[in-house]
Amino acid sequence: MSRRQAVPEELLVLARRQGGLVSAEQCDAVGVGPSRRRSFVTGGAWRRVIRGVYDTGDVPVGLHPHDAARQRAAWTALLTNRRAIAVGACALVLHGVQGLPRRITPEYALPRGAAGRPRDGIVLRQYVTRAETVRIRGREVAGVECALVQALPTLSRDEAVATLDSALHQGLIDVTQLASIRRRLRRRRDAFKVIPWLALTDGRAESPPESHARLRLHDAEIAPDDLQRDFFDATGRFLGRADMAWHLGAGRWLIVEIDSQEFHGTDRQAERDAVRQNGLLSEGRNIVLRFFPTHLSTNDIVTQVADILRRSTWRPPAHPSSKVLTTAVAATDGPRVAATAVVNVGGAGWSEPGHTRAGNTMWFTND
């Protein structure tokens with residue numbers, strides 16, 4: 001008899017929602033008792049994670065192995081105790097926040113910050129989170145702002161900024177909550193290093209690799225002039241969206257594209273990326289560089305971008321403006337008026353006749 005025939009489908013569905021894990025209590029509820037669980041483990045179909053928690057191996061199709069590992073860590077903590085509240089990085093995983101480390105420590109808290117005995121490598125935090133929890137898949141989870149305050153001191157700078165970028169980009173927090181997070185971090189002795197990192201966040205970043213690339217360039221003092229810029233030709237035809245862009249003058253741009261995955265899952269995805277890159281190059285004025293996450297572990301991106309900017313006599317703005325921290329809304333309707341536009345987004349300032357600026361969209365006009 002196959003494993004799928006032996007295990008009730010409702011338990012497999014539940015496992016897929018819980019990072020592939022199920023608890024002994026959940027198994028008992030559908031008639032999979034101790035003897036059957038032992039047979040699954042000894043037969044190699046299941047793996048015992050900790051006492052009372054089993055890995056069935058059933059995870060959603062297409063889930064990246066790193067995401068699956070994070071899900072397992074979060075659910076290992078929750079399934080340890082029926083009163084468990086997911087906190088810190090585990091809570092952020094369940095909210096769908098990206099940018100966290102590949103490996104996170106299972107951690108949870110009990111109501112009213114009650115104490116308990118940690119076991120099997122699972123951390124029990126004495127956080128009082130009851131007033132700031134939400135329910136996700138039937139379990140108590142710390143709210144996003146609360147979980148960020150708990151998790152940020154445990155992260156590196158790049159991880160912390162990418163995590164904040166993701167929360168902003170998805171609308172899980174807004175700019176006003178960054179001020180609240182800052183105030184709350186000041187009350188934590190282990191959080192002083194985190195506070196300066198908040199100024200580096202930008203919710204326009206669409207993936208952690210984009211955040212990491214931006215930080216590399218920031219450290220080299222060649223931060224991009226704009227993020228997620230839409231380009232159109234003189235007729236209004238959409239050419240493509242640039243992850244990062246530097247204005248080189250005379251209508252010319254350096255565009256950097258960051259692939260959010262190291263490898264394309266399908267030929268169709270690779271084809272879409274090629275079409276987008278061709279569009280950005282079609283005007284003949286732009287320079288497009290494309291990098292993968294593996295390139296961020298070297299200095300390639302900084303070296304290549306710096307070389308082009310140096311040859312183009314690019315200079316950072318003398319008086320940078322405030323960053324746009326939330327996702328800018330591109331204007332796709334309305335008149336295209338020939339004008340001289342002065343743009344200040346993400347610290348970039350430039351003036352170019354024959355261009356107009358609306359939202360996060362650059363219109364190229366014929367006038």
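Strands β9 and β10 form a hairpin, with five residues between them. In the turn, Gly-236 has a positive phi of about 90°. The model is predicted, and the values below are computed from it. β9 spans residues 226–232, and β10 spans residues 238–249. The two strands run antiparallel and are joined by six bridges. Strand β9 is mostly covered, since seven of its seven residues are buried.

The chain as a whole has 367 residues, and 49% of them count as buried. Its secondary structure comes to twelve helices and 16 strands. Among contacts with a separation of 6 or more, 61% link residues 24 or more positions apart.

An open sheet of three strands has the order β1-β3-β2. Its pairing is antiparallel. The edges are β1 (21–23) and β2 (47–50), each of which pairs on one side only. On average, neighbouring strands of this sheet are turned by 35° against each other, direction ignored. β2 is joined to β3 (residues 53–55) by three bridges. Within this pairing, Ile-50 stands opposite Val-53 of β3. Helix α5 packs on the sheet and touches β1, β2 and β3. The direction of α5 makes about 5° with that of β1.

Helix α5 (residues 65–80) also packs against helix α6 (residues 88–95). The angle between them is about 115°, and their axes lie 9 Å apart. The crossing of α5 and α6 is left-handed. On the α5 side, the contact is made by Arg-70, Gln-71, Ala-73, Ala-74, Trp-75 and Leu-78. On the α6 side, Cys-90, Val-93 and Leu-94 take part. By class, this contact has seven nonpolar, one polar and one charged residues.

Leaving aside neighbours within four places in sequence, Ile-173 is in contact with Val-144, Glu-145, Leu-148, Leu-164, Ala-167, Leu-168, Leu-178 and Ile-181.

Two loop residues were examined in turn. Ser-207 lies in the loop between α9 and α10 (208–219). Ser-207 counts as buried because its relative accessible area is 7%, below the 20% cut-off. Not counting residues up to four places away in sequence, Ser-207 touches Gln-98 and Ser-260. Phe-292 lies in the loop between β12 (287–291) and α12 (300–311). Its relative accessible area is 23%, so Phe-292 is partly exposed. Phe-292 and Glu-210 are 82 residues apart along the chain, yet their C-alpha atoms are separated by 9.8 Å.

Terms used: Residues are numbered from 1 along each chain as its sequence is written. This is a predicted model: local features need pLDDT of at least 70, side-chain atom pairs count only at pLDDT 80 or more; totals for chains, interfaces and linings use all residues. Side-chain values use heavy atoms; hydrogens and water are left out. Helices (H or I, at least four residues) and strands (E, at least two) are DSSP runs, numbered from the N terminus. Buried means under 20% relative accessible area, exposed over 50%, partly exposed in between (1.4 Å probe, protein chains only). Axes are lines fitted to C-alpha atoms, for helices over the stretch in contact, and angles run from 0 to 180 degrees between N-to-C directions. A crossing is left-handed if the near helix is turned anticlockwise from the far one by less than a right angle, and right-handed if clockwise. Contact means heavy atoms within 4.5 Å. Ala, Val, Leu, Ile, Met, Phe, Trp, Tyr, Cys and Pro count as nonpolar, Asp, Glu, Lys and Arg as charged, and the others, Gly among them, as polar. Two strands pair if DSSP finds at least two bridges between them.
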